[in-house]
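This report walks through one protein chain, from its overall make-up to a few individual residues. Please keep the sequence and the 3D view at hand while reading.

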Amino acid sequence: MYRSARLGMGLAFGCSASYALQQRYLAAKEEEAKGIKLTYFGGDFKGKAEPIRSYAAAVGLPVEYETVSFDEWPQKKPSTPFGSLPYATLPDGSLLAQSYAILMYIGESTQTAGTTAKDKALIHCINGALEDSAGGWVFSELADEEKRAKAKSKVEGILTKIDAMCGPDRAIGSTVTPADALIWYAVARYTFIFEGLVVPPKVATIAQNFEAIPAVQAWHKSPEYPKHFLPTFVPFVKNNAYLQKRIADTSK
């Protein structure tokens, strides 16, 4: 009898603890669904905030936008988590920095960041590979034809490797994840930077499918959607003849 009573109490406690955890989880999800405030530079350029903005549109997470001018930035910088933009203000008032972390927060908040450990690992893998594609060259080198060709070849190689691990329509599984937003933005950005970029077939389809999501289309057609990938008024863009030509060519 005593043993049975202890077992019953243990089961009751376990059920009570499980219920409490479930309630905490549901309360957290309800809080997260309220959305975020995203702080980034003002101006007609996409920058690191654009995958976040487009992905939030795709999954329906409310976002309030706060812009910081380049003149305001020196005064604003010390108050940011890492002295950089973008950062997000979460519903509880805490600040979250780093664009990929914000992207994954949106995915987790909307339960679109993969359903298995493997899914989540693949999202991290794709982000890491795309981060690698941005390394080893700088915008100032784009004016040099030989260096530009090497950078383009590196980007094409990494996109080809990503292509091999993706599904036919979505990056991972059959639903949109942060990886789709990352791939879309990488294709759009690198197609702008490198004339004649060769994009592998699955990567191209994933990028097209992401942009075809109705809410993403609506955001991209809105007057607030930035036109340029880079701030056209900063010296490294203004003084770069190659980038000026790409801006002119892609604006036609």
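## Overview and confidence

The chain has 11 helices and four strands, where helices (H or I, at least four residues) and strands (E, at least two) are DSSP runs numbered from the N terminus. This is a predicted model, in which local features need pLDDT of at least 70 and side-chain atom pairs count only at pLDDT 80 or more, while totals for chains, interfaces and linings use all residues. Residues are numbered from 1 along each chain as its sequence is written, and side-chain values use heavy atoms, with hydrogens and water left out.

The average pLDDT of the chain is 88, and 86% of the residues score at least 70; pLDDT is the predictor's confidence in each residue, from 0 to 100. Among the elements of the chain, the lowest mean pLDDT, 53, belongs to helix α1 (residues 2-32), and the highest, 98, to helix α8 (residues 201-211). Over residues 23-28 the pLDDT is below 50, and beyond near neighbours in sequence this stretch has one contact in the model, a contact being heavy atoms within 4.5 Å.

## The sheet

The four strands form an open sheet in the order β2-β1-β3-β4, with mixed pairing; two strands pair if DSSP finds at least two bridges between them. Because β2 (63-68) and β4 (95-97) stand at the edges with a single partner strand each, one side of each is left without a neighbour in the sheet. From one strand to the next, the twist averages 25°.

Strand β1 (residues 36-41) and strand β3 (residues 87-89) run antiparallel and are joined by three bridges, and Leu38 has Ala88 as its bridge partner in β3. Helix α4 (residues 99-109) lies across β1, β3 and β4, running at about 120° to β4; axes are lines fitted to C-alpha atoms, for helices over the stretch in contact, and angles run from 0 to 180 degrees between N-to-C directions.

## The buried interior

Of the 252 residues of the chain, 42% count as buried, meaning under 20% relative accessible area, as against exposed at over 50% and partly exposed in between (1.4 Å probe, protein chains only). The largest nonpolar core holds 69 residues, of which Ile106, Ile126, Trp137, Ile183, Phe194 and Phe210 touch the most other members. Helix α7 (residues 178-193) gives the most to this core, with 11 residues. Such a core is a set of buried Ala, Val, Leu, Ile, Met, Phe, Trp, Tyr and Cys residues joined through side-chain atoms within 4.5 Å.

Ser54 is found in helix α2 (residues 50-59) and, at 0% relative accessibility, counts as buried. Not counting residues up to four places away in sequence, Ser54 touches Trp184, Phe210, Val216, Trp219 and His220.

## A loop residue and the cysteines

Asp44 sits in the loop between β1 and α2 and is partly exposed, with a relative accessible area of 39%. Leaving aside its neighbours within four places in sequence, Asp44 is in contact with Tyr225, Pro226, Lys227 and His228. The C-alpha atoms of Asp44 and Leu230 are separated by 8.4 Å, although these residues are 186 apart along the chain.

The count of disulfides comes to zero, taking a disulfide as a pair of cysteine sulfur atoms within 2.5 Å. The sulfur of Cys125 is 9.3 Å from the closest cysteine sulfur, in Cys166, and this is too far for a bond. Cys125 is partly exposed, with a relative accessible area of 36%, whereas Cys166, at 7% relative accessibility, counts as buried.
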